[in-house]
Amino acid sequence: MFVVGAVLKRLFEEKEKRSNPYPKVFVLLDELNKYAPKEGWSPIKDVILDIAERGRSLGVILIGAQQTASEIEKRILANSAIKVVGRMDSSELLSKEYEFLVGNFRQRALMLKKGTMILYQPDIPSPLMLKFPKPPWATRRQEVEEEIHVPEDFNNF
């Protein structure tokens, strides 16, 4: 958390000095609820709030990933323009953070298949279903169709 906070603070200060949004910087934080929790304190919560509230105008784009949006500081969620939802647990889905899922999209979020997601962005009045294709490479041994011969000399590298 210390390293993430130090990097983000320095990046944000540099962008403020330049006051030029270019080049854009994309910051991806996995488990955002650990860095900026709704309840309690985090040493870098204020830095992340600053990025969420003023970052776009300075060219710093925050991309947060987490399983439970209901546990993130609400000001960060309020400043999120684009939301992407994968398969979810019903208890999480009932929280008010998912009110953007209109119609039967809440019900669909309970049953999404692997690789399918729901995208919400303000320019389109209804959420969109997206399906990500399988990657063009094997990610598990079971997906390999044939054995590949590796020369014995390869171990010498």
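Which strand holds Leu130? In this predicted model, Leu130 is found in strand β5, which covers residues 128–131. With 30% relative accessibility, Leu130 counts as partly exposed. Leu130 also belongs to a nonpolar patch on the surface, formed with Ile124, Leu128 and Phe132.

Let's turn to the aromatic rings. The structure holds two aromatic pairs, and here is how they look:

| Pair | Centre to centre | Angle between planes | Geometry |
|---|---|---|---|
| Tyr98 and Phe100 | 6.3 Å | 40° | tilted |
| Phe100 and Tyr120 | 5.3 Å | 40° | tilted |

These ring pairs link Tyr98, Phe100 and Tyr120 into a cluster. Phe100 lies in the loop between α5 (90–93) and α6 (105–110), while Tyr120 is in strand β4 (residues 116–120), so their pair ties together parts that are 20 residues apart in sequence.

How much of this cluster is covered? Tyr98 and Phe100 are both buried. Phe100 has 14% relative accessibility, so it counts as buried, because the cut-off for that label is under 20%. Tyr120, at 22% relative accessibility, counts as partly exposed.

How values were computed:
Residues are numbered from 1 along each chain as its sequence is written. This is a predicted model: local features need pLDDT of at least 70, side-chain atom pairs count only at pLDDT 80 or more; totals for chains, interfaces and linings use all residues. Side-chain values use heavy atoms; hydrogens and water are left out. Patches are made of residues with over 30% relative accessible area and no salt bridge: like charges are joined within 9 Å, nonpolar side chains (Val, Leu, Ile, Met, Phe, Trp, Tyr) within 5 Å. Accessible areas come from the Shrake-Rupley method with a 1.4 Å probe; for residues, only the protein chains shown count as cover. A salt bridge is a side-chain nitrogen of Lys or Arg within 4 Å of a carboxyl oxygen of Asp or Glu. Helices (H or I, at least four residues) and strands (E, at least two) are DSSP runs, numbered from the N terminus. Buried means under 20% relative accessible area, exposed over 50%, partly exposed in between (1.4 Å probe, protein chains only). Rings of Phe, Tyr and Trp (its six-membered ring) pair if their centres lie within 6.5 Å; planes under 30 degrees apart count as stacked, over 60 as edge-to-face and the rest as tilted.
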